[in-house]
Amino acid sequence: MADLTTSYLGLRLKNPIIASASPLSATIENIREMEAAGIAAVVLPSLFEEQVELRDMGVDDITHTDKTMLPDALQHIPEMEGYNQGVGGYLAHIYQAKKAVSVPIIASLNGYYSGGWVQYARLIEAAGADALELNIYHLATKPHISGAEVEQMYLNLVRNIKEEINIPIAVKISPFFSAMANMATQLDAAGADALVLFNRFYQPDIDVAQELVVPTLNLSTPEELRLRLRWVGILAPYVTADLAVTGGVHSGMDALKCILTGAHVAQVASVLLEEGLAYIQTIVAELNAWLDAHGHESLRPLRGRMSQKNVADPAAFERANYMHVLKSNWN
Ligand SMILES: Cc1cc2nc3c(=O)[nH]c(=O)nc-3n(C[C@H](O)[C@H](O)[C@H](O)COP(=O)(O)O)c2cc1C
């Protein structure tokens, strides 16, 4: 069996497969089951900026609060206790998870605006998390706010959280930047220890009958991986932060593609929701089998072997690829 160890966020991992933030890691029982199936690290479901801010305002349980007493911006916020155990419960969950398993536990904060809530990162560190994943989930819907201002907001948030804690932080971002390579290097310089590519934004649908905008959640498909592979391949030679892929990793071969393009780890959620937690074993076994079949003793030398810098045809990652696709399909 090949050596699948990798490093991520300064942590030594037994293999590159990580459970990404989802309700699957909301119970200790599941986390134990994931460890038994071979997961190398677990990201907990996110705690949200809005939850921490509400708690700071003295609103612990929004379901029992008269919403008219809250500012407009906070009235639409759903109760999230059932999802992530609430602000107090979250810290206890980190501590209990650390006691239950030996794989690293990565907590997750989800927000976009630097405020007093970032101090919560310190409590997450105190609760024993090995690292923090910061999911910056922001939709720039205000026409008067420029891309440069949004980018600045991201960088401020990363810097502020970095100032709060000593554990490493991974920054989970969306692909919607006009200059992704520049943004990635700025996040790198701001102190991100890893970049997690990419957030999936859940798009609302329209219920025509009731004329309502309704939230939808679709699980990913492996096709979504390609966007991530392209950007990992392009960014790997430029950033010092570790790279993680999230979105569309459904098999050991998908994880291998992430490593070849330059990622340190591949995160999984949808495939585990579909196939069950034991499927982690299949993913790791597939990776092992491929390495053995191709005579590789270790995964490490393979990382980045197919980044844009290292492939024979670097243009394949760029615009030329688009023209090749058109030509090869419609000649
Ligand atoms: C039901 C569900 C809940 C999720 N909750 C979170 C969350 O709390 N925080 C977060 O950063 N990502 C969350 N995600 C996103 C996943 O962590 C992951 O980035 C995304 O699903 C893409 O990976 P996949 O293709 O393996 O599903 C969630 C995804 C699903 C399907």
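Two strands pair if DSSP finds at least two bridges between them. The close-ups below use that idea on a predicted model.

Figure 1. The C-alpha trace spans about 65 × 50 × 45 Å along its principal axes. Buried residues account for 39% of the 331 residues. Take the contacts between residues at least 6 apart in sequence: 73% of them join residues at least 24 apart.

**Figure 2. Strand β11 is mostly covered.** This strand runs through residues 242–246. Five of its five residues are buried. In a regular strand the side chains alternate between the two faces of the sheet. In β11, D242, A244 and T246 point one way. L243 and V245 point the other way.

**Figure 3. Strand β8 pairs with β11.** β8 covers residues 194–197. The two strands run parallel, and four bridges join them. V196 has A244 of β11 as its bridge partner. A244 is also one of the buried residues of β11.

**Figure 4. Strand β12 pairs with β11.** β12 covers residues 265–268. The pairing is parallel, over three bridges. V245 has A266 of β12 as its bridge partner. How does the chain get from β11 to β12, and which hand does the crossover have? The chain passes through helix α10, residues 252–261. This β-α-β crossover is right-handed.

Methods. Residues numbered from 1 in each chain as written. Predicted model: local features only at pLDDT ≥ 70, side-chain atom pairs only at ≥ 80, totals over all residues. Buried ≥ 20, exposed ≤ 12 C-beta atoms within 10 Å, placed from the backbone. Contact = placed C-beta atoms within 7 Å. Right-handed = clockwise from strand over helix to strand, strands pointing away.
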